[in-house]
Amino acid sequence: HMMFLLTVSITSGNWFKDYLCLPRPAPPAQQLSGRHNQEYGLPSTHAALAAALAIYFSLRCFPPGSTWFLASSAFAVAYLIAMSASRMYLGMHTPADIVTGLLLGAALAFMWISGIDSWLDDTIDGGGNTVALAGVVVGLLVLASQPAPHTYCSCFEDTAVLIGCSVGLIVANARHSLVIVSTSPASIAVRLAVALVVAGGAKLIAKLLCGGTLRLLFKTFPGLPRIYTSPPPSGHRLSDKLAVARHPWDVDIPVKFFSYASVVWVAGEIAPRIFLAFDML
């Protein structure tokens, strides 16, 4: 649920960013973090994510009124203050960006607690291929619904990665629900090594297959409709990449989605099946 909540927080925040296209703080504010200076400002996805995870963790993990609940709530408040202050100190957000992000994250957390998490458990776990396929379709629809920003914004790529990870998690849990209880450091190390190799191979295969197929399609059928039509700016790492596609996002975004979905799916289903087959439990 933390993965799902992370994805929903970032995806919804980026959706509003790309739809509203409100800028970061203007001079005389000085942006000390140059990596994200081309993204939009409102709402702050850092604040939204921090609020969603902090509130959900505190309310779901500890009984209200208990000592641990009070301690986790105090930590959550301190964490939210520190996160909000740091984003404004770096010149990346205005107070309005922060407040909007906090409200968005809090709303998502309370929605999750109100029953969404239980519904997801009942629907996904052991749901089979039908639920797995539905997860892929919903993920692609959510990705396609992302507004195209007026200028290039790398947060689009983050959205594709997170949705892909969540879809991989849905597929793995719908098809396979084995829980492995670790018994020794040696067995943990072996399983971890195997899972890393298998997941890394899956990502590479998915990237090659998806990227190669899309490049071939766009080259063979130039009139195919384009979903992601905002090209990166000159000099960006995607500008000279995937030159066959007129709009590199039409290749890069689906590749990111499927490659990261493959990583999580393989780690959640294929790797445990390998452990079972070779008695590595």
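Arginine 87 counts as buried because its relative accessibility is 7%, where buried means under 20% relative accessible area, exposed means over 50%, and partly exposed lies in between (1.4 Å probe, protein chains only). This arginine sits in helix H3, residues 67–89; helices (H or I, at least four residues) and strands (E, at least two) are DSSP runs, numbered from the N terminus. Leaving aside neighbours within four places in sequence, arginine 87 is in contact (heavy atoms within 4.5 Å) with Arg24, His46, Met92, His93 and Ile98.

The model is predicted, with local features needing pLDDT of at least 70 and side-chain atom pairs counting only at pLDDT 80 or more, while totals for chains, interfaces and linings use all residues. Residues are numbered from 1 along each chain as its sequence is written, and side-chain values use heavy atoms, with hydrogens and water left out.

Stepping back to the whole chain, there are 8 helices and 0 strands. Of the 281 residues, 43% are buried. Among contacts with a separation of 6 or more, 77% join residues 24 or more positions apart.

What holds the middle of this picture is a nonpolar core, a set of buried Ala, Val, Leu, Ile, Met, Phe, Trp, Tyr and Cys residues joined through side-chain atoms within 4.5 Å. The largest such core has 25 residues, and Phe4, Leu5, Trp112, Ile124 and Leu143 touch the most other members. Helices H1, H2, H4, H5, H6 and H8 each supply at least two of its residues. Leucine 5, apart from neighbours within four places in sequence, is in contact with Ala52, Leu53, Tyr56, Leu108 and Trp112. A second, separate core of 6 residues includes Ala50, Ala51, Ala76 and Met83.

In H5, Val131, Ala132, Gly135, Gly139 and Leu143 are buried. They cover an arc of only 105° around the axis, so they lie on the same side of H5; the arc is that of the directions from the helix axis to the C-beta atoms. On the other side of H5, Asn129, Thr130, Leu133 and Leu141 are exposed.
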